Amino acid sequence: MEKSFSASYAAAGVDITAGYKAVELMKQHVARTVIPGVMGGLGGFGGLFELDCTNMPHPVLVSGTDGVGTKLKIAFLMDKHDTVGIDCVAMCVNDVVCAGAKPLIFLDYIACGKNVPERIAQMVAGVAEGCVQAGCALVGGETAEMPGFYPEDEYDLAGFTVGAVDKSKILSNEAMVPGDVIIALPSSGVHSNGFSLVRQVFDLENHPEVLKEYHEELGCTLGEALLAPTRIYVKQVLAVMDQIAVKGVSHITGGGFYENIPRSLKAGCKAVIKKEDVRTPALFGFIQKAGNIPERDMFNTFNMGVGMILTVAKKDADKALAILKEQGEDAYILGVIGEGEGVELC
């Protein structure tokens with residue numbers, strides 16, 4: 001590719017040589033994600049992965065796709081691009097593990113106004129870190145330089161993952177009954193949802209300087225708190241599933257408690273949660289006060305400090321908490337399953 005150069009294309013705003021440099025810079029990060037099954041390397045037209053079905057008589061592929069959303073605007077304003085890749089991976093792998101699947105491969109898609117190889121490499125470093133945390137391989141991706149479509153200093157980042165689970169182990173909520181226990185896995189903050197509201201609350205388009213203000217209650221600047229990467233729960237959740245019959249899992253993303261928790265509930269079951277039992281970080285109170293946001297809207301927009309929930313039988317709750325503690329999780333009992341529908345916050 002060293003002879004590949006188009007002066008005409010460069011004059012139109014697309015520097016293909018910058019793309020080659022970005023690939024070279026990202027190779028070291030991609031290498032960190034190699035797991036058994038990966039075949040070949042970067043540069044082909046497709047990412048290859050050999051599926052090992054030794055302990056999976058009836059393999060089912062589970063896929064998920066997502067992006068980072070307008071949280072990227074915070075990254076632009078902070079000129080910090082090494083964590084949004086973690087967000088991108090997290091939003092995908094946390095979804096597929098809700099079905100009981102282990103993520104195997106990940107591919108990213110970066111569209112930008114101008115290919116700055118060092119910035120692209122920072123993003124991919126974050127993607128690679130997310131893959132390491134999830135135990136999956138970064139087997140490919142695409143960087144599209146699109147002058148005139150994106151401003152030179154902006155980009156979009158999305159991706160998708162494919163995981164696998166044996167058909168007999170696909171998570172089902174059929175065994176869920178009133179009295180089951182809901183366990184919360186804490187979030188690191190806002191994660192990757194609700195940023196259109198966050199940006200409006202702080203009027204970041206007109207006052208980006210507020211991101212650099214330090215706040216005692218946050219223990220950092222507002223920008224640092226908002227950019228905290230989405231937590232990845234794959235290994236922790238799979239560890240529980242290996243030893244306990246988990247009856248439901250919800251990834252708490254856009255729509256907060258009211259939209260995401262019901263997705264894991266059996267018909268006729270509702271989640272009963274006392275608001276005082278929700279361990280909500282100071283950041284959410286800071287956002288609520290700044291925007292004068294009603295409490296229900298907060299719980300219907302943000303994760304409120306809960307990134308993932310697991311539902312287990314009451315008799316298994318202590319064991320589940322012990323397993324999660326071994327995995328480094330400060331998990332806690334959030335609520336119980338009752339008769340009814342949806343979510344009851346009391």
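Tutor: Strand β12 (residues 306–312) is largely enclosed by the rest of the structure, because seven of its seven residues are buried. This is a predicted model, in which local features need pLDDT of at least 70 and side-chain atom pairs count only at pLDDT 80 or more, while totals for chains, interfaces and linings use all residues. Residues are numbered from 1 along each chain as its sequence is written, and side-chain values use heavy atoms, with hydrogens and water left out.

Student: What makes a residue "buried"?

Tutor: Buried means under 20% relative accessible area, exposed means over 50%, and partly exposed lies in between (1.4 Å probe, protein chains only). In the protein chain, 51% of the 346 residues count as buried.

Student: Why are β7 and β12 said to pair?

Tutor: Two strands pair if DSSP finds at least two bridges between them. Strands are DSSP runs (E, at least two residues), numbered from the N terminus. Pro186 has Val306 in β12 as its bridge partner.

Student: Which strand is joined to β12 by four bridges?

Tutor: That strand is β10 (residues 248–251), which runs antiparallel to β12. Ser250 is bridged to Ile309 of β12.

Student: How do you know that the radius of gyration agrees with a compact globule?

Tutor: The radius is taken over C-alpha atoms, and the globule rule is 2.2 Å times the number of residues to the power 0.38. For 346 residues a compact globule would have a radius near 20 Å; the protein chain has 21 Å, which agrees.
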